Amino acid sequence: MTPAEKDLNTLLATMRPVVREGEYVYALWPHGKPLAGHIAAAVREAEGLTVVLPRADADALGLKYDFVAAWITLQVHSSLEAIGLTAAVSAALTEAKISCNVLAGFHHDHLLVPVADAERALEVLHELSADSRSANGGGQLPVPKLVLRGEQPEDRPALLALTAAAFSISPVTGLPVEGEPEEVDLLRRLFDCGEYLPDFSIVAELDGEIVGHVISTRGRAGELELLGLGPIGVVPRLQRHGIGSALMKETIDRANAAGERGIALLGSPEYYARFGFVPSTSLGVQAPDPSWGDHFQLLPLALWPGGVSGTFRYAEPFDGVPAAS
């Protein structure tokens, strides 16, 4: 058995957070009722027995709950005598305004965070781990360097393959996609369209491997030129590791440096709000499809002119693509 780690810097540098499959809830177990379901943790208090179990089991057993969580495990073998890991993790999540309940096991620490915040929580934890490795001269593990660069023509086969893998599960239905995801053909056509902007096709590399990509093409609202962002994709094994956020920030930095006025996209308001995106209608711009509602968003950049009105028009390849993102 690997010895349990006590050193805080090593714990943070090597914690390797992963999300356990499913949704979990806290529930008060009925007094005298035999235990049932896949109970993952329990705490006996004077007021009764609190259990943590899959949400589906709680629903099947008729148990009441008001907190639905994602379960994140820190894979480092932490000693029960280690000092500071819980405090450091909790502080980082608190700064990101993410609530967290901690469970300590013999081998690992486990974090239960709101389901909606799971992706952001993983990013925060990976950033905390990377910062610790850097501050510790690399810690116990080499730190792979994420490189963001412009797309090259020879990258395109790898980028199309990456997009196929990234969208093999539909972001709309959550189900496996039959055949080639529509985002692959969309990207293929964006590369060849008149609205293609080479400086805004950005590749993420990790140890020489292409692991992420984002493209923004020319769009317009009335006579105002804007960027239309998407698709953005990350290889599945590295999703929720901060690569998508890095690509978004690089896009925004490049757009401001180039004097662009704003960036439009279709996506989750909860996710993209962290980058400053707001519903497009709040800035006078209508979505190409009114049914998109608040999912169609705009980021006004430093040179946003104000007084804008009109309907956004994506690059021509987006025509007829209802789920452009």
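User: How many disulfides are there?
Analyst: The count is zero disulfides. The rule asks for a pair of cysteine sulfur atoms within 2.5 Å. This is a predicted model: local features need pLDDT of at least 70, side-chain atom pairs count only at pLDDT 80 or more, and totals for chains, interfaces and linings use all residues. Residues are numbered from 1 along each chain as its sequence is written, and side-chain values use heavy atoms, with hydrogens and water left out.

User: Cys193: buried or exposed?
Analyst: Cys193 counts as buried, at 14% relative accessibility. Buried means under 20% relative accessible area, exposed means over 50%, and partly exposed is in between (1.4 Å probe, protein chains only).

User: And what is the relative accessible area of Cys100?
Analyst: It is 23%, which makes Cys100 partly exposed.

User: Zoom out. How many helices and strands does the protein have?
Analyst: Eight helices and 15 strands. Both are DSSP runs, numbered from the N terminus: helices are H or I with at least four residues, strands are E with at least two.

User: What box do the C-alpha atoms fill?
Analyst: Roughly 70 × 50 × 40 Å, taken along the principal axes. The protein has 325 residues, and 45% of them are buried.

User: Which strands make up the open sheet, and in what order?
Analyst: The open sheet has six strands in the order 2-3-1-4-6-5, with antiparallel pairing. Two strands pair if DSSP finds at least two bridges between them.

User: Which are the edge strands?
Analyst: Strand 2 (41-45) and strand 5 (101-104), each pairing on one side only. From one strand to the next, the twist averages 30°. Angles run from 0 to 180 degrees between N-to-C directions, with axes as lines fitted to C-alpha atoms, for helices over the stretch in contact.

User: How many bridges hold strand 5 to strand 6?
Analyst: Four, in the antiparallel sense, with strand 6 spanning residues 109-114.

User: Which strands does helix 3 touch?
Analyst: Helix 3 packs on the sheet and touches strand 4 (68-74), strand 5 and strand 6. The directions of helix 3 and strand 6 make about 20°. Contact means heavy atoms within 4.5 Å.

User: Which residues of helix 3 are buried?
Analyst: Leu85, Val89, Ala92 and Leu93 are buried in helix 3, which covers residues 85-95. These four sit on the same side of helix 3, because they cover an arc of only 95° around the axis. The arc is that of the directions from the helix axis to the C-beta atoms.

User: What's on the other side of helix 3?
Analyst: Ala87, Thr94 and Glu95, which are exposed there.

User: What happens just after helix 3?
Analyst: Lys97 takes a positive phi of about 60° there. Lys97 is in the loop between helix 3 and strand 5. It is exposed, with a relative accessible area of 74%.

User: Where is the cis peptide bond?
Analyst: Between Gly230 and Pro231, with omega about 0°. Pro231 is found in strand 10.

User: New topic. Which residues have the most contacts inside the largest nonpolar core?
Analyst: Met248, Ile263, Tyr272, Phe277 and Phe296, in a core of 54 residues. Strand 10 (residues 224-234) gives the most to this core, with six residues. A nonpolar core is a set of buried Ala, Val, Leu, Ile, Met, Phe, Trp, Tyr and Cys residues joined through side-chain atoms within 4.5 Å. In soluble globular proteins, nonpolar side chains tend to be buried together.

User: What is Tyr272 in contact with?
Analyst: Ile232, Met248, Leu265, Gly267, Phe277 and Gln297, leaving aside its neighbours within four places in sequence. Another core, of 20 residues, lies apart from the 54-residue one. Ile72, Leu74, Leu111 and Leu122 are among its members.

User: Last one: how does strand 15 pair with strand 9?
Analyst: They run antiparallel, with two bridges joining strand 9 (residues 209-221) to strand 15 (residues 310-313). Arg220 stands opposite Arg313 in strand 15. Strand 15 also pairs with strand 13 (residues 285-286), in the parallel sense over two bridges. There, Gln286 stands opposite Thr311.
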